[in-house]
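This briefing is meant to be read beside the sequence and the model. Please keep both in view while going through the points that follow.

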Amino acid sequence: MTDRPPNIRHYAALAATVRHGSLSRAARAVNLSQPALTQAITGLEASLGVTLFQRGPQGMTPTEPALLLAPRAEEAIRYIGSPRVTGTQLRAFLAVVRAGSYAAAAEATGISPASLHRAVADLSVALGQRLIDRRGRSLALTPAGERRARGFGLAMAELRSGLAEVAALQGKSGGRIAVGAMPLSRARWLPEVIARFVADWPGVDVVVHEGSHAELAGPLRHGEIDLMLGALREVTLVDDLAQEAVFEDCPVLVMRAGHPLLDSPDLADAMFAYPWFLPGRETPLRRYWEHMVQALGRAVPHVGIECGSTMMIRQLLLAGDGLTLLSPDQVSLELKAGVLAALPTPVPVARTIGITTRAGWRPTPTQAGFLGLLREVGRSLTD
């Protein structure tokens, strides 16, 4: 069984009491009786192990934990968008969305398929929206389901951040940072950051989700990961995300050791006699390669094998005379061992590597510490 679902009513009571400063006004704002509101706050205090309000004749004075948690709770409730949604329904719906089926969600959560079915059905009734369509044996989100999935995911991310901030205030270690890592970041940048981070922040888990930009952008937008590392995209393609440049990477031509191109007197002409292994057209690296080819006055050749996996491309290179464009960091061990070789590109190629987050994202102190290390280590890669 996973952690208990959040009690949305408790967080709504906290946010309303901080905002209004009195039990009576807060109770009216969230449509609860004063005893029910008091019980909700007491329950949240008990679950967190902190005092959220000092009670006195002047009303309810929020403590520091309450002031940390209330803005996160406000934002989470805004993302949820309905006072009728319960934590149980929210958790069940997100579990089914992530797993793709009730059976898989049941296995992941330890909750029976029948309970998940019931919770999602109750959620649809509460919202007055159909959220999931069944298509044969598979499930598909409706447009309303897509919007709700994103909102609920972001709500959960806000609550996790708020709880992490309260725990840090209590002097407790723990929490987690979820990082989306595109191929280049996994070679050197992210490993160096993680090694330093775990030494400075013991007890904080780091979860790395590997994938392409297309595979990671959705989880980032839905709050499943906190940040994404790798080549930055054109702003028009990610206008709902925030991008921060950290360093420039200069890819090189990579091939097997002993490749005929290594002895060629005319690299710019000879390299087109060999097959190319490159990532898909949507990637910055592929576009940089195409620009390089065009700058040489050549027609862009056909790419017979498209692949974004450095491991697979390495094996393909070793098996024949194919070429690719990669950062030296991505194949540094193979270059040092002498099984692969590299040449500078005939036209300089550079791509901007950086950090992508959700627009308006507010990192916790722990996340801010991780960001600081990403910037520091990233700058050192180009020194």
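Predicted model: local features only at pLDDT ≥ 70, side-chain atom pairs only at ≥ 80, totals over all residues.

Does serine 161 count as buried or exposed? Its relative accessibility is 7%, and serine 161 therefore counts as buried, the limit for that class being under 20%.

**Serine 161**
- Serine 161 is part of helix α8, and, once residues up to four places away in sequence are set aside, it touches Arg72, Thr364 and Gln367.
- Of these, Arg72 is listed among the buried residues of helix α4.

**Nonpolar cores**
- The largest nonpolar core comprises 48 residues, and within it Leu14, Phe93 and Phe152 have the most contacts.
- Two or more residues of this core come from each of the helices α1 (8-20), α2 (23-29), α3 (34-48), α4 (64-80), α5 (87-99), α6 (102-109), α7 (113-127) and α8 (143-169).
- Phenylalanine 152, when neighbours within four places in sequence are left aside, is in contact with Ile80, Val85, Leu90, Phe93, Leu94, Leu123 and Leu127.
- Another core lies apart from this one and has 23 residues, including Val204, Leu227, Leu371 and Leu381.
- In soluble globular proteins, nonpolar side chains tend to be buried together.

**Helix α4 and proline 65**
- The 17 residues of α4 should span 24 Å at 1.5 Å a residue, and this agrees with the 25 Å that separates its end C-alpha atoms.
- At alanine 70 the helix α4 bends by about 25°, and proline 71 follows within four residues of that point.
- The buried residues in α4 are Pro65, Ala66, Leu69, Ala70, Arg72, Ala73, Ala76 and Ile80, and they pack against α1, α3, β2, α5 and α8.
- Proline 65, which is placed in α4, counts as buried because its relative accessibility is 12%, where buried means under 20%.
- Beyond its neighbours within four places in sequence, proline 65 is in contact with Val50, Thr51, Leu52, Val166 and Leu169.
- Proline 65 and valine 166 are 101 residues apart in sequence, while their C-alpha atoms are 5.6 Å apart in space.

- Glutamine 54 has threonine 61, in β2, as its bridge partner.

- An open sheet of five strands has the order β6-β5-β7-β14-β8, with mixed pairing.
- Its edge strands, each pairing on one side only, are β6 (205-210) and β8 (241-249), and from one strand to the next the twist averages 20°.
- Strands β5 (residues 176-181) and β7 (residues 227-231) pair in the parallel sense over three bridges, and the partner of glycine 180 in β7 is methionine 228.
- Helix α11 (residues 213-221) lies across β5, β6, β7, β8 and β14 (351-358), and runs at about 155° to β7.
- Helix α16 (residues 365-380) also packs on the sheet, where it touches β5, β6, β7, β8 and β14, and its direction makes about 30° with that of β8.

Note on methods: Residues numbered from 1 in each chain as written. Heavy atoms only, no water. Core = buried A, V, L, I, M, F, W, Y, C linked by side-chain atoms within 4.5 Å. Buried < 20%, exposed > 50% of the residue type's maximum accessible area, 1.4 Å probe, protein only. Contact = heavy atoms within 4.5 Å. Pairing = 2+ DSSP bridges. Axes fitted to C-alpha atoms, helices over the stretch in contact; angles between N-to-C directions. Expected span 1.5 Å × (residues − 1). Bend = angle between axes of the 7 residues up to and from the residue.
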